[in-house]
Amino acid sequence: MTDIELADAIESVRDQLVEAAGRATGKPVAFEVGDIEMEFTIELRKEVKGGAKVKAWVVEAGADASRTRGDTHRVSFTLKPRNATTNGPWLVGNDDEVDLSDFDGPAER
């Protein structure tokens, strides 16, 4: 099993959102990022090195049956992404004015 800390899993989602925003630069459509619902099965373990901290580790889907004897927990939460500079909603896209002349108008019926 590959151990993934819960904090690393959340950081990965954040990094992917930032990458998506970078890829959207110069595109004619922007999206407001809505609430992000996350659910994980975690295992709580006490780490003896570094001061005996308890850490939450994400358990992979399909983990072996011996790990499901009650030492795993399901957690779910919702993240609401905000623009760290403006504290407004976070947009994935570009604020520049866009030329839409290449787009067709509404279809005729």
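**Close-up views of the predicted model**

**View 1. Lining of the largest pocket.** Helix α1 (residues 6-23) supplies five residues, the largest share of the lining of the largest pocket. Helices (H or I, at least four residues) and strands (E, at least two) are DSSP runs, numbered from the N terminus. The structure is a predicted model, in which local features need pLDDT of at least 70 and side-chain atom pairs count only at pLDDT 80 or more, while totals for chains, interfaces and linings use all residues. Residues are numbered from 1 along each chain as its sequence is written, and side-chain values use heavy atoms, without hydrogens or water. Of the 13 lining residues, Arg14, Leu17, Ile36, Pro81 and Arg82 lie nearest the pocket centre. A pocket is an open set of points, on a 1 Å grid over the protein atoms alone, where a 1.4 Å probe fits, with protein on both sides within 12 Å along at least five of seven lines; lining residues have an atom within 4 Å of a point.

**View 2. The largest nonpolar core.** This core has 14 residues, and Leu6, Phe40 and Val92 have the most contacts inside it. Helix α1, β3 (36-47) and β4 (53-58) each supply at least two of its residues. A nonpolar core joins buried Ala, Val, Leu, Ile, Met, Phe, Trp, Tyr and Cys residues through side-chain atoms within 4.5 Å.

**View 3. Glu43 in strand β3.** Glu43 lies in strand β3 and is buried, with a relative accessible area of 7%; buried means under 20% relative accessible area (1.4 Å probe, protein chains only). The side chains of Glu43 and Arg45 are joined by a polar contact of 2.8 Å. Such a contact is a pair of N or O atoms within 3.5 Å, one able to donate a hydrogen and the other to accept it within protein; residues adjacent in sequence count only if both atoms are side-chain atoms.

Methods:
Buried means under 20% relative accessible area, exposed over 50%, partly exposed in between (1.4 Å probe, protein chains only).
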